[in-house]
Amino acid sequence: MAHATEAPASITAEGPTSHTQNQALRLSPYQLRMLHGGIHGNRVRNLRGMAHLEAWDVRRQLIRIFGFGGFTIETISLDLVHENGEMRRKKNKQGQEYGDPYMAWTLVYRAQVRLTLLDTAGREIAHYEDGAAGDSVNQPSLGDAHDMAMKTALSQALKRCAVNLGDQFGLSLYNDGSREAVVNYSAAHPPQQWKAQSQPPQPEPEDPPVKPEPEPQAAEEDSTPAVRSPQPKPERPRPAETKDAAPRLTLDQFKPKVHRGWDNLDSTRQNLLEARKLGLADEVVPVGDEGTPTRLRELLENRIAELEAAKSGERSAA
């Protein structure tokens, strides 16, 4: 008696893939009909001239075709590859800076994801692995920056896995953004096996145009117009732009931050950067028992050099 055997794993352009040749026994005619169809235009978004799918819509279509519990998404790896903080001020639509300085965070993550498909009996049909990088730029909240970059990397990796399932998951969009099906035919699933049996019991719902997932807005740009009424009112001068105006933080107000971060290299570096932004770097402070007059930037630069030397010595000792 013959037994079906599974084919060995193969490598595709989108990443490692494992599949079997007896999928006709595991996918229903209705599932095959959906997979062979072209993608509806309402599911496609255009961003900067490029057609793409939203990650939440990819998950929705996976549920529709394979069912609740009919697939699993596994994070193989998720790594932080870049993190940078820089002092900035917000800008309105005219490019004018306003408000207090803030730390703007830019992060990049890299993710590797595996998508596994199951039949109704819980047996694996196929699995696909792929990776992607995702970033968040100039976020005022470090937590939001990490969250956005991680989700972007994971979502992009999932979409790259799912595109191996064909037109319903964006394969045709690689053909100059086309919505028309490019697969059309699979020798493993000839039409006579599913077309005659695959008519849906009732009309399928037509989805409204897909919307993007909400994301934190970078604080560098203000989404509100600078002028809110037809008759603009004269703007009051900002303290930082007024002639001979004092910095927003006085030296006495800034000193506690210097003391709190005195033994931390990253904090001292950030304090030096902030002192320059606030115009405090050349302020003179008394140092030592004799109260030697020293510019704040020189004090912080010397402390950074001491902490770096101590850190280098610790590494050498280890």
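Which element supplies the largest share of the lining of the largest pocket?

1. Basis of the note. This is a predicted model, in which local features need pLDDT of at least 70, side-chain atom pairs count only at pLDDT 80 or more, and totals for chains, interfaces and linings use all residues. Residues are numbered from 1 along each chain as its sequence is written, and side-chain values use heavy atoms, with hydrogens and water left out.

2. The largest pocket. The space in this pocket amounts to about 1400 Å³. A pocket here is an open set of points on a 1 Å grid over the protein atoms alone, where a 1.4 Å probe fits, with protein on both sides within 12 Å along at least five of seven lines; lining residues have an atom within 4 Å of a point. The volume is the space filled by probe spheres set on the points, which are joined across faces, edges and corners. The lining comprises 38 residues, of which Leu-47, His-52, Leu-53, Gln-156 and Lys-159 are the closest to the centre.

3. Composition of the lining. The answer to the opening question is α3, with seven residues. Elements that each supply at least two residues are β3 (45-47), β4 (50-52), α2 (55-66), β7 (124-139) and α3 (142-162). Helices (H or I, at least four residues) and strands (E, at least two) are DSSP runs numbered from the N terminus. By class, 16 lining residues are nonpolar (Ala, Val, Leu, Ile, Met, Phe, Trp, Tyr, Cys and Pro), 11 are charged (Asp, Glu, Lys and Arg) and 11 are polar (the others, Gly among them).

4. Helix α3. The expected span of a helix is 1.5 Å times one less than its number of residues; for the 21 residues of α3 this gives 30 Å, and the end C-alpha atoms are 30 Å apart, which agrees. Its buried residues (under 20% relative accessible area, 1.4 Å probe, protein chains only) include Met-148, Leu-158, Lys-159 and Cys-161. Their cover includes β4, α2, β5 (71-91), β6 (97-118) and β7.

5. Strands pair if DSSP finds at least two bridges between them. β5 and β6 are antiparallel over 18 bridges, and Asp-79 faces Arg-110 in β6. Five residues separate these two strands, and Gly-95 in the turn has a positive phi of about 80°. β6 and β7 are antiparallel over 13 bridges, with Leu-117 opposite Ala-126 in β7. Their hairpin has five residues between the strands, where Gly-122 takes a positive phi near 85°.

6. Strands β8 (residues 284-287) and β9 (residues 292-295) pair in the antiparallel sense over four bridges. Val-284 stands opposite Arg-295 in β9.

Key:
Buried means under 20% relative accessible area, exposed over 50%, partly exposed in between (1.4 Å probe, protein chains only). Contact means heavy atoms within 4.5 Å.
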